[in-house]
Amino acid sequence: MKVALLELRRRPWRFAPAVIALVLLTVLLLVLGGLLDGLYNGFTGALRAQPGELLAYAADARLSMLRSRIDAATVAEAERAPGVAQVGGLGTALLGATVPGQATQANVALFGYQLAPRGVPAPPSQAGQVYADTSLKAQGVKKGQTLFLGPKRYPVSIVGWVSGTNFLLQGGLWGNVDTWREVLASARPDLMLAAGTYQVLTISTAAGADPTRVAAAIDIATRGTTHTVMRSLAVAALPGIKQQRSTFNAIIDTTFFVAALVVALFFILLTIERMEMYAVFKAVGASSAQLFGQVVLQAVTIAVLSFGLGALLALAVSSVIPPQVPLQLSAGRAIEVAVGLVVMSTLGSVLSLRRVVRIDPATAIS
Amino acid sequence: MGHHRAAALKLENVRKAYRSGDDEIVAVDRATLEIGNAEIVALVGPSGSGKTTLLSISGGLLSPSDGRVLVAGDDISGYDPKQLTKFRRENVGFVFQSVNLVPFLTARENLLVVADFSRRDKKKSAARADQLLDELGLEQRKANLPAQLSGGERQRVAVGRAFMNEPDLVLIDEPTSALDTRLGEQVMELIVTEVRARNTAAVIVTHDQRMTHHADRTLYITDGVLSDAPRT
C-alpha cells in the first residue's frame with residue numbers, strides 16, 4: 001500500500017496547483033525546445049546532412065559558404081591528400097522562388113551537389129530537376145510542379161521530396177551542379193563560376209584515418225588555400241547559431257529551475273500542512289527516510305502526470321501555430337523534457353527533507 | 001520480544017528536565033513505577049503535571065534526562081532515534097488524544113499503514129487488520145473514510161491501529177477528553193475490553209478522575225512527581 005499514491009488518487013485537487021504549474025512549464029519547455037530545434041535544423045540541415053566528416057572552404061572565406069570559392073586545381077590537390085577517400089563539390093544560391101498559384105515567393109536555397117547528402121538521392125541526371133525539402137509544402141510547393149527561381153525566373157521542376165535539408169531557414173532544393181551553375185549565372189551573372197569551381201568541398205576520410213589529421217593534410221596539400229574543418233565546426237560557424245542556441249538554452253535551463261522551485265515550494269507547504277500526520281506516522285514507527293520517500297514519490301508522479309498533460313497541450317498548440325514558424329516537436333526533445341522535469345521535481349522535493357527529518361514524533365502526543 | 005516474564009513497563013528514577021535560559025524546568029521528577037503484563041494503569045494529573053511527558057518517555061517518543069526505562073525487559077533509555085523508531089514500530093501501540101486518523105485512508109488502510117511502515121507480510125497484515133476491525137464491530141465500516149465514521153467508530157479504528165503491531169504496551173492519551181460522559185464511558189469500556197482481551201499492558205492518561213475505575217490501578221502525577229494517591 002503506497003500512502004503517497006492513495007493520497008494523489010483520493011485528493012487530486014490538493015495537487016492541482018502544482019500540476020497546473022508544471023503542465024504550463026512543460027508546454028513552455030516543449031515549445032521552446034521545439035523552436036530551438038526547428039531553428040537549428042532549419043539553419044543547419046543542409047550542412048549536417050553532408051556525407052563527409054570534413055568540409056573544405058576557401059581559406060579567406062572565414063567558413064562562409066557564400067564567400068567561398070574552390071577552383072578545379074585545388075579540388076585535385078585535395079583529392080590527392082593522404083587519408084582522403086572521396087571529395088565532392090557543393091554550391092548554393094539563396095533565391096526567391098515563384099510558386100505557381102501562390103501570391104508570395106518562397107525563400108529557397110538551391111544546392112548543386114556531387115556526393116549525395118544523407119536522405120537525398122544521387123543528383124538528378126538532368127539539369128533543371130530538383131528534389132525539394134518537405135518544409136516547402138507549407139508554401140504551396142507540390143511534386144511535379146515547376147518553380148521559377150530568381151529574377152530571371154529560371155525554371156526547375158520538383159522530382160521528389162527530401163527532409164531536414166534546409167539552409168539558413170530557406171527551403172532546400174537539391175539539383176546537379178549544372179543546375180546550380182546555371183541558376184547562379186542567371187541570378188547573379190557577376191558571380192558566374194568557371195567549370196570545376198565549387199564553393200565548398202565535402203570530404204570523406206579513409207577508414208581508420210583521423211579526420212583532424214586529414215583536414216590538416218588537405219590544407220597543406222592545397223598550400224594553405226583551403227581551410228578544412230570538421231562538419232560540426234562548420235555548422236557551429238554559421239552566423240547566429242551559437243547565440244541562438246545559448247539564448248534558447250538559457251531560457252530552457254531557467255524554466256527547469258522554475259519547475260524545481262515550484263515543486264520545492266509546493267512540497268514545503270504541503271509538508272508544513274502535514275506536520276501532524278507525519279508526527280503520527282513517526283510515532284507509530286515510520287522512519288524519516290520512509291516519509292521522505294513518500295514526498296519524492298508524489299513529486300515524481302506529479303512530474304510524469306504533468307508532462308503527459310503538457311505534451312498533449314503542446315501538440316495542440318503546435319497544430320495551430322502557422323507553418324512558417326519553425327517549430328519542430330521531436331521525441332528526443334520530449335524525452336529530454338520528461339527526464340529533466342522528473343530530475344528537477346526530485347531535486348525540488350529534496351528541499352522538504354530537512355523539515356521531514358525535523359518533525360518530532362513526540363508532537364503527536366503532546 | 002520474548003520477555004514475557006519481565007514487567008511490561010518499568011521506570012527507575014526517571015527524570016526529564018528542559019533548559020529555559022538559565023533555568024531548568026523539571027517535567028518528570030524521579031519517577032519510579034512498574035506495570036505488570038495485562039495490567040491497566042490510569043495516570044491522572046492536571047494540565048502541565050508531566051503526564052504526557054511520562055507517557056512519551058514510556059513509549060520511546062522522548063528520551064529521559066536521567067533514569068532507566070525498560071519495556072518488556074528491554075532498556076530503551078540509551079536508544080538513539082533510529083532504535084527508538086524501530087522500538088515504537090514493534091513494541092508500542094498508541095491511541096492519540098485527537099484520534100489522528102489519516103483522513104484520506106479508509107478504516108482498514110489506517111490499520112494497514114502501520115504494517116506498511118514495518119514492511120510486514122502483506123497477507124498476514126491484511127488478515128490481522130480485518131480481524132481487529134471485525135472484533136471492534138467495524139466489519140461493515142472497513143471501506144469508510146474517517147469523515148464517514150462517527151466519533152465512536154473513529155475511536156475504535158484508532159484502538160485497532162494501536163493493536164496492529166501486536167504491542168507489549170499500549171499507551172492511551174486522554175481518550176475521553178473530547179467526549180461527553182456517556183460516550184467517554186463507552187470508549188473507556190471499549191478500550192479496556194480490547195486491552196484485556198489481548199492480555200496487554202496499558203497506560204491511560206486522563207485528567208478525568210471519573211474514568212479511573214476502569215483501570216486496575218491509578219497513579220497520580222503533580223508537578224512531575226508520581227504518587228499512588230492524589231497530592232493535597
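**Elements and loops**

I take helices (H or I, at least four residues) and strands (E, at least two) as DSSP runs, numbered from the N terminus. With that, I placed Arg223(A) in the loop between α5 (211-221) and β9 (226-230) of chain A. The model is a predicted one.

I looked up the backbone at Arg223(A). Its phi is near 60°, a positive value in a residue other than glycine. Most residues other than glycine have a negative phi. Is Arg223(A) buried or exposed? Arg223(A) has 10 other C-beta atoms within 10 Å, so it counts as exposed; the cut-off for that class is 12 or fewer.

I then turned to Glu174(B). Its phi is near 45°, again positive in a residue other than glycine. Glu174(B) sits in the loop between β7 and α6 (181-197) of chain B. I found 21 C-beta neighbours inside 10 Å, so Glu174(B) counts as buried.

**Glu182(A)**

I located Glu182(A) in helix α4 of chain A, which spans residues 177-187. Which residues does Glu182(A) contact, leaving aside its neighbours within four places in sequence? I found Ala127(A) and Tyr154(A).

Glu182(A) and Phe266(A) are 84 residues apart along the chain, and their C-alpha atoms are separated by 64 Å.

**Domains of chain A**

I noted how chain A is divided. Domain 1 takes 3-44 + 241-364, and domain 2 takes 71-224. Over C-alpha atoms, the centres of domain 1 and domain 2 of chain A are separated by 45 Å. The contact between them involves 6 residues of domain 1 and 5 residues of domain 2 of chain A.

**Chain B overall**

How many helices and strands does chain B have? I read off 6 helices and 10 strands. The radius of gyration of chain B is 17 Å, close to the 17 Å that the globule rule gives for 232 residues, so chain B is as compact as a globular protein of that length. Along the principal axes, its C-alpha atoms fill a box of roughly 55 × 40 × 40 Å. Buried residues are 47% of the 232 residues in chain B. I also looked at contacts in chain B with a separation of 6 or more: 72% of them join residues 24 or more positions apart.

**The open sheet in chain B**

I traced an open sheet of 4 strands, ordered β2-β1-β4-β5 (chain B), with antiparallel pairing. Which strands stand at the edges? They are β2 (23-35) and β5 (74-75) of chain B. Each has a single partner strand, so one side of each is left without a neighbour in the sheet.

I went through the pairs in turn. β1 (residues 9-20) of chain B runs antiparallel to β2(B), with 9 bridges between them. Leu9(B) is opposite Ile35(B) there. α1(B) packs on this sheet and touches β1, β2 and β4 (66-71) of chain B. The direction of α1(B) makes about 60° with that of β2(B).

β1(B) and β4(B) are joined in the antiparallel sense by 5 bridges. One partner pair is Glu12(B) with Arg68(B) in β4(B). I found 2 bridges for the antiparallel pair β4(B) and β5(B). In that pair, Leu70(B) stands opposite Asp75(B). β4(B) and β5(B) form a hairpin with 2 residues between them. In the turn, Ala72(B) has a positive phi of about 50°.

**Strand β6 of chain B**

I checked both faces of β6 (residues 92-95) of chain B, and both are covered. Val92(B) and Phe94(B) lie on one side, Gly93(B) and Val95(B) on the other, and all are buried. β6(B) runs parallel to β7 (residues 169-173) of chain B, with 4 bridges between them. The bridge partner of Phe94(B) in β7(B) is Leu171(B).

**Where the chains meet**

I ended at the interface. 22 residues of chain B are in contact with 20 residues of chain A. Which elements of chain B give two or more residues to that side? They are α1 (51-58), α2 (81-91) and α3 (107-118) of chain B. α3(B) supplies the largest share, 7 residues. By class, I have 12 nonpolar, 5 polar and 5 charged residues on the side of chain B that touches chain A.

Key
Residues numbered from 1 in each chain as written. Chains lettered and ligands numbered in written order. Predicted model: local features only at pLDDT ≥ 70, side-chain atom pairs only at ≥ 80, totals over all residues. Contact = placed C-beta atoms within 7 Å. Nonpolar A, V, L, I, M, F, W, Y, C, P; charged D, E, K, R; others polar. Rg over C-alpha atoms; globule rule 2.2 N^0.38 Å. Buried ≥ 20, exposed ≤ 12 C-beta atoms within 10 Å, placed from the backbone. Domains from an automatic or database assignment. Pairing = 2+ DSSP bridges. Axes fitted to C-alpha atoms, helices over the stretch in contact; angles between N-to-C directions.
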